[in-house]
Amino acid sequence: MPPKPLPLPAKPPKPYFFYGHRKPSQNRPVVHGGLFSNRQILKTPQNPPPASTPFDLCKWDPHHLSQNPSPPSIPNPHRNPKLSPIARFILDAFRKNQYTWGPPVVFELNKLRRVTSSLVAEVLKVQNDSVLASKFFHWAGKQKGFKHDFASYNALAYCLNRNGRFRAADQLPELMDSQGKPPTEKQFEILIRMHADNNRGQRVYYVYQKMKNFGIKPRVFLYNRIMDALVKTGYLDLAFSVYEDFKGDGLVEESITFMILIKGLCKVGRIEEMLEVLGRMREKLCKPDVFAYTAMFRILVLEGNLDGGLCVWKEMERDGVEPDVMAYVTLVAGLCNGGRVQKGYELFREMKKKGLLIERATYGVLIEGFVKDGKVGSACDLLKDLIDSGYRADLGIYNSLIEGLCDARRVDRAYKLFQVTVQEGLDPEFATVNPMLLAFAEMRRMDDFCKLLEQMQKLGFSVIDDLSKFFSFVVGKEERTILAVQVFNELKVQGYSSVQIYNILMEALHKTGKAKQALSLFQEMKDLNFKPDSSTFSIAIICYVEDEDIKEACVCHNKIIEMSCVPFVDAYYSLAKGLCKIGEIDAAMMLVRDCLGNVTSGPMAFKYTLTILHACKSGAEKVMEVLNEMMQEGLPPDNITCSAIISGMCKYGTIEEARKVFANLRTRKLLTEANTIVYDEILIEHMEKKAADLVLSGLKFFVVLEDFMRGVRIIQAWLACGRRLMI
């Protein structure tokens, strides 16, 4: 029996009214069904979301977003789905012509049969080219039967302000008036709001004056906006003049009106006038609430006016207003930061009596204030109170207490607190250990100093870098420079030394007038096979010049150049003065040019040096004009200036011209008679040296010329011999 044939696959039904008119696709996923079938939807595959790593609080950095902000998205007006097709056509015409107004743009726009004011406003809202927007606005106004409405004028104002053309935006009221559309209060409100948001107080007042010229009286809200902008930008007197107009218009003050004036008076410290306005507010309207008083406290505290803050506190108590936590915290923090911690502590105790919630930050401010005031015992009592209240002290509180205990020479208790920070896992930092290191150094407890360094190394500190910070802190006071050197002498035996520490100590010794000791440290570095950097050589240059060893200073300068680095500006200046002092004027002038070529902001004395060299081409009078300008800038002539006069006159002028300049300086008592004689001798020697160099150059030229002619004669003789042999 033959096998049965396999059944053929069923043919898909033809698309007709029963099955629907087409199949779903990726571009058109929804298909409307037929007469009896349901619609079909093609589900687009969705990628699963990437697995997110679990959040770890210990690795969270609150400053990450501020340090790595996401790039702002640039809006593209041409892809704005809310734009109408005609608006997109206009924007495309701008884009095709590189956003430049001209006949091609006008040709494209003339294809439009009709332009409405709403269309103009729609285009201007997304346009970021103020010039192009103004041209388009003017073109639209010239179309037959077209008139701008308030929306198009407002859109143009926003566009001009958005692109920094706020002065042009201020002229729109005149433009509206000239085109038969007098401005209303709304247009002026827009301009005032723009200037207020950008802290342009004087422009706010300018628009307000223009508003009065048009005969428009602002509402209370707009008056408040004007006065607030003037107060915030520091124009309190103008704000009070606006307030006088406010009263002249017969308007009634609101609470915000009084508070704007009160905050402005608090900011400039005019407490008596502030109390008068506060009294009028009580009589005409109401008493300020706790939020208003807190705002006054905050302004007075930020301005450092603690007496004014306490005065306002008394007014608040007189009004029977119960202060809240924010009011207490604001005034307590201001009193502690202003050195009146005892008064702040009294308010703190008042908070505790009332049972208000006291945050850890308030404890921290009080502890820091007591430490600065030298009352470490009270600060420790507050720490105990903090722990009893169920809080855990943060690292800042421990740092303040450790610093206070070390200042009181109770370094052992400070070390115990340091151990507590380690046990609680607070990750102590350099500010935690620096007071203990300084206390151990001053008490000559070097064994404890080294033990602390070992513990720091176990905790993951970069000990060498932290020691550099420590020595920078110690030499911040000149009287502690010797202590820093003594501590370093004991530490380098233990292996705690680096080039940066040597640089810090060398610079500190130089500042205290001990250049030879600084040079001994420099020599010690080289003996210990440390590799000095450009900073080391720069400090050494200054010390060698003060020690009158110019040759070694030049060697250090050459070392820096070999390292492809640039010396300090002070090193350039010191070496140039040293070279001028020993009569190496050409080398000093070359150094001046090198400094100005390599340094972003060179010394003014060097800039005037090159100006003097150029002025020597015009004679003594021009040089004296430059010297007068230097004196006006507070730069009296020094040996670099005099050396520049000598170099320039020997190159471009004469000895007599140079002597005229020196005689003028002597007459004005800018040069002593002895220095005038010395510079005259240097002038003659330098001129003789230049003349000798010219003679030597001439002799070398003639010697070379004679050798050249001798060679020519030999070649001619060889050529003659060759011709004879050929014959």
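Q: Which helix holds both aspartate 92 and arginine 95, and how many residues apart are they?

A: Both residues belong to helix H2, which covers residues 85-96, and they sit 3 residues apart, about one turn of the helix. A helix here is a DSSP run of type H or I with at least four residues, and helices are numbered from the N terminus. The model is a predicted one, in which local features need pLDDT of at least 70 and side-chain atom pairs count only at pLDDT 80 or more, while totals for chains, interfaces and linings use all residues. Residues are numbered from 1 along each chain as its sequence is written, and side-chain values use heavy atoms, with hydrogens and water left out.

Q: What does aspartate 92 form with arginine 95?

A: Side chains of opposite charge can pair when their charged atoms come close. Aspartate 92 forms a salt bridge with arginine 95, with 3.2 Å between the closest N and O atoms; the term requires a side-chain nitrogen of Lys or Arg within 4 Å of a carboxyl oxygen of Asp or Glu. Aspartate 92 has 25% relative accessibility and so counts as partly exposed, and arginine 95, at 40%, is also partly exposed. With a 1.4 Å probe and protein chains only, buried means under 20% relative accessible area, exposed means over 50%, and partly exposed lies in between.

Q: Where are the two partners of the salt bridge between glutamate 424 and arginine 392?

A: The closest N and O atoms of this pair are 3.6 Å apart. The bridge links distant parts of the chain, 32 residues apart: glutamate 424 is in the loop between helix H22 (411-423) and helix H23 (430-442), whereas arginine 392 is in the loop between helix H20 (376-388) and helix H21 (395-407). Glutamate 424 is partly exposed at 30%, and arginine 392 is partly exposed at 45%.

Q: How many salt bridges does the structure hold, and which residues are linked in a network?

A: There are 38 salt bridges in the structure, and Glu185, Glu189, Arg193 and Arg219 are joined in a network of them.

Q: Which residues of the largest nonpolar core touch the most other members?

A: In soluble globular proteins, nonpolar side chains tend to be buried together. A nonpolar core is a set of buried Ala, Val, Leu, Ile, Met, Phe, Trp, Tyr and Cys residues joined through side-chain atoms within 4.5 Å. The largest such core has 210 residues, of which Met436, Phe449, Leu467, Phe470, Phe471 and Leu491 touch the most other members. Leaving aside neighbours within four places in sequence, phenylalanine 449 is in contact (heavy atoms within 4.5 Å) with Leu437, Phe440, Ala441, Leu467, Phe470, Val487 and Leu491.

Technical notes. Helix = DSSP H or I, 4+ residues; strand = E, 2+ residues; numbered from the N terminus.
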